[in-house]
Amino acid sequence: MKILEVQGGAPLEGRIRAQGAKNATTKLLVASLVSDKPCILNNVPNIGDVEITVDLCKELGSKVTWDRKEKRLEIHTETLKTSYIPQRFSGANRIPILMIGALLGRTNEDIIVPTAGGDRIGKRPINFHIQALETLGAKIESRTMKTEGAYFAQAHNGLKGGVIHLEYPSVGATENSILAAMRAKGNTTIKNAATEPEIIELMLFLQKMGAAISLDADRTIHIEGIKKFLPVEHTIVSDRIEAASYAIAAVSTKGRVFIEGAQQLNMLTFLNKLREIGGGFEIKPDGIEFFHTGYLSGGLHIETDVHPGFMTDWQQPFAVLLTQTEGSSVLHETVYENRFGYIHMLRKMGADIELFRQCLGGKSCRFATRNYLHSAVIRGPTPLIGSDISIPDLRAGFAYVLAALLAEGKSKIEGLWMLERGYEHFVEKLNSLGADIKIVDTKAPKLAKASVS
């Protein structure tokens, strides 16, 4: 078993380059399945979730050439060899469920995908996906195959455009709806759609593919179904989650880091909150430089929300930053009900954090009466101490690495593969900035896992 050994206490200084966005790359790979023409992607990150998605596409018949050094990937699915995704992909990530929307217009066969996987941070309501796709004429049901869950979907009579109204602006349901609408007959309208930058990336990619697709100011997306597709070449936007993670590392360790490729527009809300506590940043033509200004003030209130709100994936590393600010701050999680599963370990490391079932925010959220620990009060500054840690999910994993960088002494972190799902060469990047991190092989027993308490 491989673990990370992190020696805390060093400020991070230097320059790194932002990777291509994980949540855009994986979705564009799925979108390429809609077409029978070749697609080229540039700025592709060399991470686990991309590798899994490539394997999924190959399983269905895609031919893929991936130059990892040049970050260039070519994918061509001229014909499908199957519409069945094996159960071994169950739980790997959330991508299999999106295959339904991508494949419905390409095959008359039943589409079989395993139940959704990914991080254990809360339920992802698949009913949003199913209701949307059924509006376009799909038939979807859940069955059990060899004790494992799977979804069976088909559109034997073809898909027809329609009006989809999402109860919640789910990113995944929006993506599934857009992909299915590409080959549906007529026009499709998606109301209350998600509008994250990764959704815009998908729309830009599909427009290059030949789609007529537009977004209104009121979260309404319009798609006109097409039959003829065009070859595509597209450069992936930089990863706003990775950029924010390293930005927080720079500020919290009292360092200075320039992130090449970080984009102000996609980090606008994050930058506002960082400035509110006294974190420094300077926008430059080729990226953003982040630095400690000498004093970090608490008294912050953050409420996670759909775009353009504060992103839920920024919440965990920001919580670590708040342990180093002067005063009390509040985090109110409104996207996933179990996103605070990592707090127990931060407490063990010395953080002063209290969890609440009430909505501690300007508004009540959908978890208000459902007894979830979804609000937190963080008091600082508090010194952190090194600890033995087991990573529960991807974003909490980076938060633990960040806490270890701030802690006195050495931390041992288990679950390296989880971080490799979303952070490209993160050990090399952090060490290039002055961190003291190494990967070691060990046969030691598993470390204690974090849990909500």
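**Salt bridges and a helix pair**

Guide: E5, K410 and K438 are linked in a network of salt bridges; a salt bridge is a side-chain nitrogen of Lys or Arg within 4 Å of a carboxyl oxygen of Asp or Glu. This is a predicted model, in which local features need pLDDT of at least 70 and side-chain atom pairs count only at pLDDT 80 or more, while totals for chains, interfaces and linings use all residues. Residues are numbered from 1 along each chain as its sequence is written, and side-chain values use heavy atoms, with hydrogens and water left out.

Visitor: How many salt bridges does the structure hold?

Guide: The structure holds 23.

Visitor: How far apart are the closest N and O atoms of K438 and E5?

Guide: They are 3.9 Å apart. K438 lies in strand β23 (residues 436-441) and E5 in strand β1 (residues 2-7), so this pair ties together parts 433 residues apart in sequence. Strands (E, at least two residues) and helices (H or I, at least four) are DSSP runs, numbered from the N terminus.

Visitor: Are E424 and K71 buried or exposed?

Guide: Both E424 and K71 are buried; buried means under 20% relative accessible area, exposed over 50%, and partly exposed in between (1.4 Å probe, protein chains only). Their side chains meet in a salt bridge of 2.9 Å, N to O.

Visitor: Changing topic, at what angle do α1 and α2 pack?

Guide: Helix α1 (residues 22-31) and helix α2 (residues 48-60) pack at about 5°, with their axes 10 Å apart. Axes are lines fitted to C-alpha atoms, for helices over the stretch in contact, and angles run from 0 to 180 degrees between N-to-C directions.
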